[in-house]
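Subject: Structure handover and findings

Hello,

Please load it first, then read the notes below.

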Amino acid sequence: RIVHVNGSFVPEEEARVSPFDRGYLFADGVYEVTAVIDGKLVDYAPHMERLDRSLGELQMDWPCTKDELREVHEELVRQNGIEEGVVYMQVTRGVAEREFSFPENTPTTLFAFTQEKALIDNPKAETGVEIVSVPEIRWQRRDIKSIALLAQCLGKQQAKEAGAYEAWMVEDGMVTEGTSSSAYIVKDGVVITRPLSNSILPGVTRRTLLALAAERQIRIEERLFSIDEAYKADEAFMTSASSFVLPIVEIDGRKVGAGAPGEITTALRRLYLESARSAG
Ligand code: PLP
């Protein structure tokens, strides 16, 4: 596999970053994951808007120009022959003596790679997935797409040990989001999802999906919902760049609705995929 580090495309065995990089020492960095379908980047512009915001909130510089970063994405897809999969990219604050406050005049580090994945013909989209709830233990700036993901790793590991696919994090009885996905329930034909704030990551898939749903007159309520409400919902689903829309059929061992992918969920997945494929 060919990866990208600081302006160079190299075989992954040759990629090098200093262990003094602040990404390694402090998880001082941000990232994006962009889906690729039919060899084309999906929702690229909003991913870069979010990257710009994450960098800005942490007073971190862009690693290169916006055009160069697009070129990095496209070149990685091309050189690795990716038809379906993702491009992962991260920017860290660079290499400096270990000190908590920011170093001056230190260039940021860019690292990017591709992963080939079957995103569209995902068997989980047919069967739906099981999830568990876990306590929300993250910091208070979850709107920044930080590479510090230990709480999410713990949550995902708990899910795995319970035989589940994802974990929804719960704060004061209310669902915030999944460890790597946005969270939704459907009740009486209305799609319910938490409004944007510092409590959750502004999902790019969420943004596109809500716009598509609104165009189709599907009713949406952006409000907090509790885990108890989720147990009693008609449908539940999650979204992310790499899973698009995935039905959730069981939460904490309780069947959601009929225990099968819901009608609105299935329609939304189809809608999203159609739009992603036609956007080019
Ligand atoms: N919420 C969290 C915590 C995430 O890590 C992710 C994606 O990784 C999402 C939501 C979904 O965001 P997106 O649709 O931009 O992939």
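First, a term: a residue is buried if 20 or more other C-beta atoms lie within 10 Å of its own, exposed if 12 or fewer, and partly exposed in between, with C-beta atoms placed from the backbone. Helices (H or I, at least four residues) and strands (E, at least two) are DSSP runs, numbered from the N terminus.

This is a predicted model: local features need pLDDT of at least 70, side-chain atom pairs count only at pLDDT 80 or more, and totals for chains, interfaces and linings use all residues. Residue numbers start from 1 along each chain as its sequence is written.

Helix 3

Helix 3 covers residues 66-79, 14 residues in total. Its first and last C-alpha atoms are 20 Å apart, close to the 20 Å expected at 1.5 Å a residue. The expected span is 1.5 Å times one less than the number of residues.

Its buried residues are Leu69, His73, Leu76 and Val77. They sit on the same side of helix 3, because they cover an arc of only 100° around the axis. That arc is taken over the directions from the helix axis to the C-beta atoms. The general rule is that an α-helix has 3.6 residues a turn, so residues three or four places apart point the same way. On the other side of helix 3, Asp67, Glu68 and Arg78 are exposed.

What does the buried side of helix 3 pack against? The partners are strand 1 (2-5), strand 3 (29-37), strand 4 (40-41), strand 5 (85-92) and strand 6 (109-116). After helix 3 comes Gly81, with a positive phi near 60°.

Two strands pair if DSSP finds at least two bridges between them. An open sheet has six strands in the order 2-1-6-5-3-4, with antiparallel pairing. Strand 2 (8-11) and strand 4 are its edges, and each pairs on one side only. Strand 1 and strand 6 are antiparallel, with two bridges. Val5 has Phe111 of strand 6 as its bridge partner.

His4 is also in strand 1. His4 has 23 other C-beta atoms within 10 Å, so it is buried. Contact means that the C-beta atoms of two residues, placed from the backbone, lie within 7 Å. Neighbours within four places in sequence aside, His4 is in contact with Phe9, Val72, Leu76, Leu110 and Ala112. His4 and Ala112 are 108 residues apart in sequence, yet their C-alpha atoms are 5.0 Å apart.

Hairpins and a parallel pair

Strand 8 (residues 166-171) and strand 9 run antiparallel, joined by three bridges. Trp168 is the bridge partner of Gly178 in strand 9. Two residues lie between the strands of this hairpin, and Asp172 takes a positive phi near 50°. Strand 9 (residues 174-178) is largely enclosed by the rest of the structure, because four of its five residues are buried.

Strand 10 (residues 182-187) and strand 11 (residues 190-193) are antiparallel over four bridges. Tyr184 stands opposite Thr193 in strand 11. They form a hairpin with two residues between the strands, and Asp188 in the turn has a positive phi of about 50°. Strand 11 also pairs with strand 12 (residues 219-222), in the parallel sense, over four bridges. There, Ile192 has Glu221 in strand 12 as its bridge partner.

Backbone points to check

Most residues other than glycine have a negative phi. Gln59 is not a glycine, yet has a positive phi of about 50°. Gln59 lies in the loop between helix 2 (44-57) and helix 3. With 8 other C-beta atoms within 10 Å, Gln59 is exposed. Phe244, also not a glycine, has a positive phi of about 60°. Phe244 is in strand 14 (residues 244-251). With 24 other C-beta atoms within 10 Å, Phe244 is buried.

A residue is near a molecule if its C-beta atom, placed from the backbone, lies within 6 Å of it. There are 13 residues around the ligand, and Leu201, Gly203, Val204, Thr205 and Ala241 come nearest. Helix 6 (204-215) and strand 13 (235-240) are the elements that give two or more residues to this shell. The largest share, three residues, comes from helix 6.

Best regards
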